[in-house]
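Dear colleague,

Please find below the structure that I am handing over to you. My findings follow after it.

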Amino acid sequence: MNANVRIRQQAGQAADERVASYDWKALAADLDTYGCAVLEKLASPEECKATADLYPHEEHFRSHIVMARHGFGKGEYRYFKYPLPDLISGLRTALYPHLATVANAWNGRMGIDQRYPATHQDYLDLCHDAGQKRPTPLLLQYKAGDFNCLHQDLYGDLAFPIQVAVLLSEPGRDFIGGEFVLTEQRPRMQSRAEVVPLRQGDAVAFAVHNRPVQGTKGNYRVNLRHGVSRIRSGHRHTVGIIFHDAL
């Protein structure tokens with residue numbers, strides 16, 4: 001076994017242990033109730049800095065997006081290429097089974113036939129068979145005045161319904177402003193907003209597109225979008241862990 005393979009396996013095992021330590025019953029309840037759940041201290045300060053420091057190094061990425069050119073807001077981000085950095089690959093693999101359990105329950109409640117396989121590799125195989133072969137984890141960079149418009153990350157016919165964002169910068173020290181915002185558009189009602197406070201290394205798992213809500217006459221479907229409010233000063237870096245691959 002070569003050194004790179006051994007390091008990736010060790011990173012994957014460490015991610016499995018880290019992710020398994022959370023109270024997933026409570027996190028699933030938060031996802032059901034609010035459409036989002038916070039995993040405190042998912043990444044260490046050292047891991048956050050090392051990941052943010054990758055941003056200028058183009059060899060790690062497949063594409064570079066400047067948001068203003070596409071009407072996405074202000075700021076920029078880069079999509080990682082395969083192989084992903086060990087931390088991101090390990091967390092993506094370790095988080096998926098827990099979130100797939102929630103996603104399958106949601107689809108059952110919404111009357112959607114699709115069920116997600118138990119392992120992330122099996123789900124990626126489905127994506128690749130459908131022609132969705134490009135990795136979607138991304139590293140975002142914001143400076144003062146930047147923001148991210150409310151949006152949904154779909155990228156193809158196959159779209160996993162839950163996403164995870166890890167804040168790599170420390171609020172109040174590295175930047176001010178830049179809150180993570182989630183909105184729900186409910187049938188025949190006004191939209192609901194959720195602002196999620198995060199510290200460096202915290203992650204938020206959130207519904208990407210639709211989720212079920214229990215009403216008086218059964219479950220109904222709400223439509224969600226997410227974004228980031230205006231950065232008032234400093235710099236903010238975030239990793240987005242998206243579980244489906246793109247066309």
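A residue is called buried at under 20% relative accessible area, exposed at over 50% and partly exposed in between, with a 1.4 Å probe and protein chains only. By that criterion, 47% of the 247 residues of the protein are buried.

This is a predicted model, in which local features need pLDDT of at least 70 and side-chain atom pairs count only at pLDDT 80 or more, while totals for chains, interfaces and linings use all residues. Residues are numbered from 1 along each chain as its sequence is written, and side-chain values use heavy atoms, with hydrogens and water left out.

The protein has five helices and 14 strands (DSSP runs, numbered from the N terminus: H or I of at least four residues for helices, E of at least two for strands). Along the principal axes, its C-alpha atoms fill a box of roughly 55 × 45 × 35 Å.

Helix α2 spans residues 24-34, and its buried residues include W24, L27, A28 and L31. These residues lie on the same side of α2, because they cover an arc of only 100° around the axis (taken from the directions from the helix axis to the C-beta atoms). At the start of α2, a side-chain oxygen of D23 comes to within 3.3 Å of the backbone nitrogen of K25. Just after α2, G35 has a positive phi of about 85°.

The structure contains zero disulfides (pairs of cysteine sulfur atoms within 2.5 Å). For C36, the nearest cysteine sulfur is that of C48, 19 Å away. C36 counts as buried at 6% relative accessibility, and C48 counts as buried at 0%.

Kind regards

Key:
A polar contact is a pair of N or O atoms within 3.5 Å; within protein, one must be able to donate a hydrogen and the other to accept it, and residues adjacent in sequence count only if both atoms are side-chain atoms.
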